[in-house]
Amino acid sequence: MSRVYPDEVAGPYDAPPRSFTDREDRKTEIRRYDGEFEALAAMYDDFDPEDRAQGIPPADEERIREWLETITADGGINVLAWHGERVVGHATLVPDTDDGPTAYELAIFVLHDYQQAGIGGELIRGLLGAGRAAGVEHVWLTVERWNQPAVSLYETVGFEPSDTGSFELEMSARLR
Amino acid sequence: MDVLLGIGGSDDSLWALECAVERAQVAGDSLSVAVLDNPDSDRSREAVAERARTALADAGLGGDVRTLDGHPGSALVDLAEAEGFDRIVLGGGETSPLGKVQLGSIAEFVLLNATVSVTLIR
């Protein structure tokens with residue numbers, strides 16, 4: 001399978017760590033994942049089922065853990081948003097070996113109470129910065145067409161539609 | 001019940017074949033298989049048809065296996081309606097590297113166009 005990627009490089013964005021105050025005045029930190037598995041799993045235990053997309057995150061605790069073990073394995077790139085001791089957002093790049101050695105699938109999750117506060121934008125820029133620093137060239141994602149806030153965010157950071165012929169919209173970006 | 005299974009050779013369609021055969025045995029359904037032209041599949045239609053014939057024969061089911069030409073989704077819907085099948089069964093999509101469910105293009109078309117019930121096998 002070969003996807004279409006934009007000619008233009010997205011960003012470039014700086015790799016984490018970075019701190020900022022969100023629109024609700026919460027001090028938030030963006031950092032690379034460093035083995036904080038339980039804090040990450042706890043975020044998904046609190047995840048609003050309404051915010052699930054295409055079957056992820058999985059619904060029950062055991063399958064959440066299996067899924068997180070897969071995507072935090074070597075080769076993936078994970079960035080977390082912290083509010084104090086609590087993980088409130090997670091963005092991930094997972095290698096897509098079917099689409100060449102430098103292609104990755106992207107997904108981003110933010111807890112319901114922390115949405116629409118600017119955290120998603122900081123997370124995705126941090127993830128793309130971390131990805132670029134790690135040599136990632138191509139990134140793609142799928143998003144439900146009706147999820148206009150997500151589509152706008154992806155467009156703002158440099159994603160372009162790459163497959164418009166399916167239920168889900170596929171978008172791609174070039175990092176290098 | 002007369003069930004029509006559509007398979008194009010993708011991994012999820014072969015999984016659907018296995019499940020549909022098992023279900024037909026338990027339920028006493030009559031199962032027919034239509035082999036579709038799935039451009040995303042690496043397997044030849046002859047190989048897929050052979051696999052379906054073997055699966056039906058091994059299970060002691062007498063349903064027929066045929067190969068449909070042309071646009072896979074519409075060919076399957078047309079056949080189901082022309083011959084009065086009660087249900088269409090299809091593979092329920094594959095998962096992305098991240099674990100997202102991705103519906104195939106054939107399933108999308110069939111879901112939106114069929115007037116009979118459709119089952120997607122996960």
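This is a predicted model: local features need pLDDT of at least 70, side-chain atom pairs count only at pLDDT 80 or more; totals for chains, interfaces and linings use all residues.
Student: How many residues of chain A and of chain B are in contact with each other?

Tutor: On one side 18 residues of chain A take part, and they are in contact with 10 residues of chain B. Contact here requires heavy atoms within 4.5 Å.

Student: What is the area buried between chain A and chain B, and which atoms contribute to it?

Tutor: The buried area is about 1,200 Å², and carbon and sulfur atoms give 61% of it. Q54(A), E105(A) and F167(A) supply 45% of the area that chain A buries against chain B, more than any other three residues.

Student: Why is the size of an interface stated as an area?

Tutor: It is often given as the accessible area lost when the parts come together.

Student: How many salt bridges and how many residue pairs in polar contact are there between chain A and chain B?

Tutor: The count of salt bridges is zero. Six residue pairs across the interface are in polar contact.

Student: Which elements of chain A supply at least two residues each to the side that touches chain B?

Tutor: They are α2 (61–71), β4 (86–95), β5 (103–110) and β6 (138–144) of chain A. By class, this side of chain A has 10 nonpolar, six polar and two charged residues.

Student: Why is Q54(A) called buried?

Tutor: The relative accessibility of Q54(A) is 8%. Buried means under 20%, and therefore Q54(A) counts as buried. Q54(A) is found in the loop between α1 (37–45) and α2 of chain A. Apart from residues up to four places away in sequence, Q54(A) touches T142(A), V143(A), E144(A) and E168(A) in chain A, and G99(B), K100(B), V101(B) and Q102(B) in chain B.

Student: What makes the pair Q54(A) and T142(A) a polar contact?

Tutor: Their side chains are joined at 3.1 Å. The limit for a pair of N or O atoms is 3.5 Å, with one able to donate a hydrogen and the other to accept it, so the pair qualifies as a polar contact.

Student: Why does D96(A) count as buried?

Tutor: D96(A) has 5% relative accessibility. This value is under 20%, so D96(A) is classed as buried. The residue lies in the loop between β4 and β5 of chain A. A polar contact of 2.9 Å joins the side chains of D96(A) and W140(A). Leaving out residues up to four places away in sequence, D96(A) touches R3(A), A103(A), Y104(A), W140(A) and P97(B).

Student: How do you know that S96(B) is buried?

Tutor: S96(B) stands at 5% relative accessibility. The limit is under 20%, and therefore S96(B) counts as buried. S96(B) lies in the loop between β5 (94–95) and β6 (101–102) of chain B. Beyond residues up to four places away in sequence, S96(B) touches E105(A), W140(A) and Q102(B).

Student: Why is the span of helix α1 of chain B described as close to the expected one?

Tutor: Helix α1 (residues 11–27) has 17 residues and reaches 24 Å from its first C-alpha to its last. The expected value at 1.5 Å a residue is 24 Å, so the span is called close to it. Just after α1(B), G28(B) takes a positive phi of about 70°.

Student: Which residues of α1(B) are buried, and what covers them?

Tutor: The buried residues are D12(B), S13(B), L14(B), A16(B), L17(B), A20(B), V21(B) and A24(B). Their cover includes β1 (2–7), β2 (30–35), α2 (45–58), β4 (87–91), β5 and β7 (117–121) of chain B.

Technical notes:
Residues are numbered from 1 along each chain as its sequence is written. Chains are lettered from A and ligands numbered from 1 in the order in which they are written. Side-chain values use heavy atoms; hydrogens and water are left out. Buried area is the accessible area (1.4 Å probe) that two parts lose on being put together, summed over both. A salt bridge is a side-chain nitrogen of Lys or Arg within 4 Å of a carboxyl oxygen of Asp or Glu. Helices (H or I, at least four residues) and strands (E, at least two) are DSSP runs, numbered from the N terminus. Ala, Val, Leu, Ile, Met, Phe, Trp, Tyr, Cys and Pro count as nonpolar, Asp, Glu, Lys and Arg as charged, and the others, Gly among them, as polar. Buried means under 20% relative accessible area, exposed over 50%, partly exposed in between (1.4 Å probe, protein chains only).
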